Amino acid sequence: DPQQTELATASKRKLRRFIVIDEVVDKLYGSKVREYFEENNVQHKILALPTTEETKSMDLVLNILHEVQSFSLDRRTEPIIAIGGGVCLDIVGLAASLYRRRTPYIRVPTTLLSYVDASVGAKNGVNFLQCKNKLGGYTPPVASFLDRSFLQSIPRRHISNGLGEILKMALMKHKGLFDLLKNHGKYLLDTKFQSCNSFAHHGDAALQTTRIAIETMLEELAPNLWEDDLDRLVDFGHLISPELEMRVLPSLMHGEAVNIDMAFMTFVAHVRGLLAAEDKEQILQCMRGLELPVWHSGCSWALIQRALQERLKHSGGQLRMPLPTGLGVADIFNDTSEETLERAYELWVKD
């Protein structure tokens, strides 16, 4: 907004920013971040924190808010900036929503998962009583700044982890995205989503993949930002995974747990007659090609039953189970019997 830019540059008051950065990201990029604010003559406070699934709590939110209060943040003109993975963006989003009832904040994702998932939408939250994101709200950021160069420094497993959420959107909504992952998955892992001119036969698979993933996510989220409608295709892979992820911490990352959930649901879709055997095998082959786990010993039949009971409690008494009905097409079902689920589980274990 040119008017806002003019106001900001004309003001005699020095620009001020409060930044929360993941401590690992700070070690890698902190000096560049500090240099940026110093060169632009911005008074700033940088708070480096350990933002992991294990530390994702109200304690960390309150820690941030104590520092925000000390900085004397102007809640109208000085957005909090979050630089890190999905956990960091979630924690800062919740802290910003609570401070003076709503303070603007900006998301800067630094992992592939947060780039295509946490950067989009309005949700934020923290874990509570060993339940994933049990406390939270809906406060969208004023902006998300996406920069794939951050992905150069993350481990290969983190790239694979993010590919789990991209595959979710491919299976639910976009056959072309599925084909991109199937044909270029290893290349994307090897190059860490950097655009490389020397691999012309891959085109710009990194740009295409991330763009389609974000566009399909926005298509789903934008009309239903506050989740008034509980029938959500983006819940695919999120029926069992919250229970599994919290139960086996820290052995599974979020995208890995989501993929295990999706693998099981692929068998459910096949047993129900919604998905041909050939399509089921293509999906599982693609998952393995993306170096994602398709099974975990912690995902017992008892855990699945518990997770689905929890699902019923929080989705208006219906399962609202998104299932693939082909490659890139899906629907939501409320009539999957326990017998079908058990048969699918036995087939999955056997496979």
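1. A polar contact, as the term is used in this note, is a pair of N or O atoms within 3.5 Å; within protein, one of the two must be able to donate a hydrogen and the other to accept it, and residues adjacent in sequence count only if both atoms are side-chain atoms. Please keep in mind throughout that this is a predicted model. By that rule, 5 residue pairs, with both residues at pLDDT 80 or more, are in polar contact across the interface of domain 1 and domain 2.

2. On the side of domain 1 that touches domain 2, at least two residues each come from α5 (112-118), β5 (123-128) and β6 (131-138). The most is given by α5, which supplies 5 residues, and the residues of this side as a whole divide into 8 nonpolar, 5 polar and 7 charged.

3. As for the division itself, the domain assignment of the protein chain places residues 14-152 in domain 1, whereas domain 2 is made up of 155-223 + 232-350. The centres of the two domains, taken over C-alpha atoms, are separated by 27 Å, and 20 residues of domain 1 are in contact with 29 residues of domain 2.

4. Between them, domain 1 and domain 2 bury about 2,000 Å², and 68% of this area is on carbon and sulfur atoms. Within domain 1, the residues that lose the most area to domain 2 are L112, L113 and R148, which together account for 32% of what that side buries.

5. How many salt bridges does the rule find across the interface of domain 1 and domain 2? The count is 2. Elsewhere in the list of contacts, a salt bridge is given for the side chains of K132 and E245, with a distance of 3.3 Å from N to O.

6. Turning to the backbone, the peptide bond that joins L249 and P250 is cis, with omega at about 0 degrees.

7. N41, in the loop between α2 (23-39) and β2 (43-49), has a positive phi near 55 degrees. F193, which is placed in the loop between α7 (175-191) and α8 (205-221), likewise has a positive phi, of about 65 degrees, although it is not a glycine. Is F193 buried or exposed? F193 counts as buried because its relative accessibility is 0%, and the cut-off for buried is under 20%.

Methods:
Residues numbered from 1 in each chain as written. Predicted model: local features only at pLDDT ≥ 70, side-chain atom pairs only at ≥ 80, totals over all residues. Heavy atoms only, no water. Domains from an automatic or database assignment. Contact = heavy atoms within 4.5 Å. Buried area = accessible area lost by both parts, 1.4 Å probe. Salt bridge = Lys/Arg side-chain N within 4 Å of Asp/Glu carboxyl O. Helix = DSSP H or I, 4+ residues; strand = E, 2+ residues; numbered from the N terminus. Nonpolar A, V, L, I, M, F, W, Y, C, P; charged D, E, K, R; others polar. Buried < 20%, exposed > 50% of the residue type's maximum accessible area, 1.4 Å probe, protein only.
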